[in-house]
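Trainee: Could you show me how to read some features of this structure?
Mentor: Gladly, let's look together.

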Amino acid sequence: MTELMGGEIQCESALGRGTTFRVVFELPTVAMTADAFAEDVAACREAGMDAHIAKPVDIKQVLRTLKLARDGTLHEQKKS
């Protein structure tokens with residue numbers, strides 16, 4: 001999964017004032033292209049995309065992909 005953003009925040013906590021925490025948000029990246037050939041899908045995956053959806057968009061496929069991402073099984077699907 002691609003690391004999209006991250007940063008440090010300062011807050012007051014039980015650990016003391018000015019304690020610094022590292023926060024990293026990881027979001028799945030889904031390529032949505034008009035190219036649907038196997039080599040196009042492979043190129044997207046090699047570029048770091050977690051999934052590929054071809055245009056015209058099939059809303060059922062989008063929902064399936066989002067469900068896999070939500071359930072944490074998108075990477076298992078990616079390997080196959």
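Trainee: Which residues make the nonpolar surface patch?
Mentor: Areas come from the Shrake-Rupley method with a 1.4 Å probe, and for residues only the protein chains shown count as cover. Here I59, L63 and L66 make a patch of about 310 Å². This is a predicted model, where local features need pLDDT of at least 70, side-chain atom pairs need 80 or more, and totals for chains, interfaces and linings use all residues. Residues are numbered from 1 along each chain as its sequence is written, and side-chain values use heavy atoms, without hydrogens and water.

Trainee: Is I59 buried or exposed?
Mentor: Buried means under 20% relative accessible area, exposed over 50%, and partly exposed in between (1.4 Å probe, protein chains only). I59 has 53%, so it is exposed. By contrast, H52 counts as buried because its relative accessibility is 10%.

Trainee: What does the side chain of H52 reach?
Mentor: A polar contact pairs N or O atoms within 3.5 Å; within protein, one must be able to donate a hydrogen and the other to accept it, and residues adjacent in sequence count only if both atoms are side-chain atoms. The H52 side chain meets that of T33 at 2.8 Å and the backbone oxygen of D35 at 3.1 Å.

Terms used:
Patches are made of residues with over 30% relative accessible area and no salt bridge: like charges are joined within 9 Å, nonpolar side chains (Val, Leu, Ile, Met, Phe, Trp, Tyr) within 5 Å. A salt bridge is a side-chain nitrogen of Lys or Arg within 4 Å of a carboxyl oxygen of Asp or Glu.
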